[in-house]
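Okay, thanks for coming, everyone. Let me put the thing up on the screen, and then I'll walk you through a few spots.

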Amino acid sequence: MSHPVSIEPPARLKIQAAFIVNGEHCEVAFAPHKTLLEVLREDLALTGTKHGCELGECGTCTIIVDGTPILSCLALAASYANRRIDTVEGMAADGALHPLQDAFAELGAAQCGYCTPGFLMTARALLDATPRPSRNEIKDALSGNLCRCTGYLKIYEAVELASERIARAGAAVHD
Amino acid sequence: MTEVAATGAAAPVAELRVVGTPRRKVDATAKVTGELRFADDLVLPRMLHCKLLRSRLPHARIVRVDTTRAAAHPGVIAVMTGAELAIPFGILPVSQDEHALCRDVVRFVGDPVAAVAAIDEDVAAEACDLIDVEYEQLPAIASIEDGLSMREPLIHDYGDDANVHKRVALEFGDVDDAMATADLVREDVFFYEGNTHLPMEQHASLAQWSADGKITIWSSTQTPHYLHRAIAKVLEMPPAHVRVIATPNGGGFGGKSDPFNHEIVVCALARKTGRPVKICLTREEVFYCHRGRHPTLMKIKTGVRKDGGIVAMDFTSFLDGGAYGSYGVASTYYTGALQTVTYKVPHYRFRGARVFTNKPPCGPKRGHGTPQPRFALECHLDKIADQLGLDPAEMRRSNLQPANSVTANWLRIGSMGLGACIDATVTKSDWKNKHRKLPFGRGVGIACSSYISGAGLPIYWNSMPHSGVQLKLDRSGGVACFCGSTDIGQGSDSILAYIVAEILGIEPVDIRVVTGDTDLTPVDLGSYSSRVTMMSGNAAIQAAERARDQVASAVASKLGVPASRLTFAHRRVFDLQDAETGMSFAEAVQLAESKFGTVGSTGSYTPPRSPGRYKGAGVGPSPAYSYSCAIAEVEVDPETGIVRVPKIWLAHDVGQSINPTLVIGQVEGSVYMGLGEILMEEMTYRDKQRNVVHHHPSMLEYKSPTTWEMCDVETILINDKDPQGPFGGKEAGQGPLLPVMPAVANAVFDAVGVRVDEVPCSPHKVLRALRDKMKGKEGRFGPGSVPEYDFPDLTRVPTPAQGGNGRESVGRAHSEVGGDQSSVTNRDSAGNPVEQAGETTAAEIAGLNSERDSRRGSR
């Protein structure tokens with residue numbers, strides 16, 4: 001093929017920052033305007049976090065920062081340096097699914113699965129704060145996440161099942 | 001959820017181990033761990049990023065495109081315009097009217113004009129801003145009325161009449177004569193606004209060129225086979241050198257069923273640059289791809305007896321097609337095709353016209369062309385029942401099209417569980433104690449529907465199978481299953497694994513499913529028309545049975561037991577009469593491999609021939625029809641007009657659930673999507689006279705239901721096995737959406753006594769109707785009339801009851817204009833008949849019916 005039209009790279013300064021991603025310390029260089037979503041997906045190859053609008057409208061890019069679910073598409077990566085970030089890739093521990101993941105898989109709460117990581121992150125933050133949520137508390141917590149496949153009902157049921165199983169496992173530990 | 005066996009259904013066949021049991025999908029774990037790779041998750045070394053420059057005008061001639069500044073922008077590797085891509089494409093052979101990049105004319109705001117490949121997305125976007133395009137604006141055609149009346153400018157240089165893309169005029173039987181015998185003839189007009197799929201995943205594609213002259217594209221497409229054809233055509237490459245890999249779709253709903261500009265452009269740019277090129281559309285661009293619900297204006301006139309029995313129906317539809325053909329010819333026919341499969345309509349007339357407008361193209365959204373007429377029909381029947389003082393559930397019950405029959409428009413019905421669906425929802429919802437009995441502001445409404453389990457004809461006429469499955473068995477005891485089908489979240493990969501596991505007596509987890517790869521997998525036509533379980537499922541049955549028979553033959557000689565006595569279950573092959581005599585499945589495959597060599601099999605499926613032979617008979621036939629009934633309960637606030645839906649009961653005749661978890665998921669998802677359509681979703685445009693700009697191409701402003709708007713759903717599955725379906729199964733992905741919109745609209749009437757004859761049923765419309773009613777006017781919001789339009793003369797087709805043969809009447813006085821003559825053999829189109837020579841006789845219909853009954857009868 002012919003030579004590229006231009007071989008001169010554009011002038012783009014990168015900045016360097018460290019994050020604690022799924023419990024691991026990592027350093028990464030990225031363009032300063034990048035969102036946390038972009039840094040996770042493009043610079044750290046953590047493509048489990050999805051995007052649906054990149055304008056904060058759909059909840060698909062939800063991740064957990066220091067225990068709080070946030071929309072990573074609206075988060076400027078540079079301002080989250082040294083923070084503790086959890087993504088869907090870190091949910092399964094020691095080769096076993098998190099009870100939420102297991103319940104989503106079992107009950108068909110993931111149809112196309114594209115919104116699933118965002119729902120899992122939001123639901124996990126909910127259960128961490130409110131271990132036995134009511135149906136209305138679940139609806140409220142998940143109201144910022146859009147799903148076009150399921151009609152949400154199987155997702156509620158999965159969160160309830162996971163909550164029950166976590167509680168039962170906790171009780172078993174205390175026995 | 002409850003499962004009900006319909007009365008008269010066949011007795012349960014041999015015990016099923018896998019089919020019919022709730023279980024996980026084969027890709028469930030990958031979906032909950034973030035492991036599943038969607039198209040935009042893919043990255044290749046030296047990959048470039050593509051951006052498209054899109055038109056900012058709805059209709060304009062392109063005077064000049066200057067890419068000099070963009071090409072010189074640092075980091076830009078290639079710029080492309082329509083000059084480099086001369087060959088048109090489109091999903092249907094009769095409307096190859098799209099170019100990958102517009103060459104002479106732009107036809108809607110968002111039509112792509114130029115493309116850039118650059119080292120990153122930012123550079124590509126900057127370069128798009130540096131492309132200078134000079135336009136000469138043309139008047140915009142912005143509505144159905146414009147499309148019918150404006151004869152210039154022409155949006156396309158083809159079509160049935162000026163800007164009318166397609167028109168249809170069919171009559172089955174003698175509608176006027178029958179109407180004259182009716183006790184009541186009622187006419188109503190309805191409008192269904194357009195709406196869009198809004199899949200959570202934005203369309204994305206990655207193309208890779210190889211120096212040996214081959215191209216590979218990974219794309220979020222529901223139809224890799226048709227994309228394959230389009231790429232080979234436009235790039236002028238041998239199809240065998242084009243590989244299309246459909247990545248898992250992050251939601252499709254019909255929105256990823258057309259070959260798209262961006263898919264062809266990244267292939268062309270990959271070839272031009274010799275580097276991988278990726279594009280991921282922005283959410284705004286997804287709105288421009290559209291192919292969603294056609295805005296449709298409809299008139300329906302029905303003659304009934306006093307007891308509610310239908311004697312004749314006359315249906316007219318006008319579709320706003322947007323700027324390109326897409327599936328529009330089929331969509332047009334679909335607005336008239338399925339009215340007859342739920343209720344017996346002895347005489348039926350259908351006229352439809354689709355116009356081109358300067359808007360993003362409309363196409364197949366879940367239900368494809370049938371939700372609009374279904375809304376009209378079901379609301380219309382509700383009004384008739386009210387006028388006759390009949391219970392609308394009972395009136396529907398008494399009009400059912402019988403099972404194993406042929407409709408007036410020559411559609412062959414097999415199993416028909418609608419009666420059971422009505423009974424189940426009526427009981428579960430306590431309908432009799434609620435309808436017309438709830439306090440003002442609360443109400444219930446009922447509606448029914450039916451949908452095809454796959455289109456009876458392919459888009460390109462040929463006599464090859466619609467779906468193929470290949471199996472590879474090896475000494476490990478593992479099985480690989482190859483099929484061209486595409487999983488869009490409905491679980492089609494899992495269905496293959498369940499069916500193969502059932503027949504080979506192994507577990508779904510033992511099976512590796514490989515799908516949607518045009519190099520590796522046998523052709524399956526795609527995830528559209530609710531065809532995949534029916535067609536790939538039947539192909540999988542055939543492949544698995546062939547493999548089973550081969551293995552059984554090897555085992556039989558080894559054990560000295562007749563093959564017919566061997567059973568495959570629990571990962572073993574053993575003698576039915578002595579379970580101890582047998583071996584593991586892996587050992588059995590080893591025996592077969594030793595005896596026959598490499599063990600593999602193929603299976604394929606072609607739908608049965610339809611009895612319709614008239615022009616237009618190509619749309620509507622299906623191997624089997626699913627049936628649904630919905631009852632919605634609503635609360636209407638008379639102060640605000642806001643409609644809340646606390647609960648919907650939905651019974652769906654699925655024939656046989658392959659996995660009830662997935663079927664219920666499809667029902668709940670359909671209720672959700674239908675609720676969005678009736679309550680809020682609309683794809684509308686501002687400044688219709690000039691700019692035709694999308695009102696709200698964003699997820700925030702295009703309102704869709706959140707957890708707070710979603711209703712409670714009680715699903716009832718009716719298992720009335722259809723002899724055509726795999727294990728008796730029928731579709732579930734689209735049918736259950738159809739009754740939701742009219743059930744809610746009918747419930748609004750029950751609640752507050754006003755009719756909103758439009759979708760969506762927005763608060764301001766309810767409020768307006770309520771205020772009108774208080775002023776003594778008709779409590780109704782909706783269109784008053786349909787445009788006067790000169791349809792072509794009717795093609796008259798005698799019905800089966802009239803002794804017809806499936807063809808137009810011979811020697812009719814008129815013929816349609818525009819080449820729509822009645823000679824119809826081997827026409828190459830989705831909307832048109834493609835049948836072989838020969839007429840359908842009554843005896844043949846009977847024969848076809850008995851053939852279908854016996855075909856799967858042994859299972």
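So, where the two chains meet: 45 residues of chain A are in contact with 48 residues of chain B. Bear in mind that this is a predicted model. On the chain A side, helices H2 (99–107), H3 (116–129), H4 (135–142) and H5 (153–174) each put in at least two residues. H2(A) gives the most, with five residues. And the make-up of that side of chain A? It's 25 nonpolar, 13 polar and seven charged residues.

Staying with chain A, look at the loop between H4 and H5, where you'll find A:Tyr152. Most residues other than glycine have a negative phi. Is A:Tyr152 buried or exposed? Buried, because 26 other C-beta atoms lie within 10 Å, and 20 or more is the cut-off.

Chain B has one like that too: B:His290, with a positive phi near 50°. B:His290 sits in the loop between helix H8 (283–289) and strand S14 (296–304), and it's buried, with 28 other C-beta atoms within 10 Å.

Next, cis peptide bonds in chain B. One runs from B:Glu152 to B:Pro153, omega near -5°, and B:Pro153 is in the loop between helix H4 (144–149) and strand S8 (164–172) of chain B. Another joins B:Val759 and B:Pro760, with omega about 0°.

Last stop, B:Gly441, which is partly exposed. Leaving aside neighbours within four places in sequence, its contacts include B:Glu635 and B:Ala751.

Definitions and conventions
Residues numbered from 1 in each chain as written. Chains lettered and ligands numbered in written order. Predicted model: local features only at pLDDT ≥ 70, side-chain atom pairs only at ≥ 80, totals over all residues. Buried ≥ 20, exposed ≤ 12 C-beta atoms within 10 Å, placed from the backbone. Contact = placed C-beta atoms within 7 Å. Helix = DSSP H or I, 4+ residues; strand = E, 2+ residues; numbered from the N terminus. Nonpolar A, V, L, I, M, F, W, Y, C, P; charged D, E, K, R; others polar.
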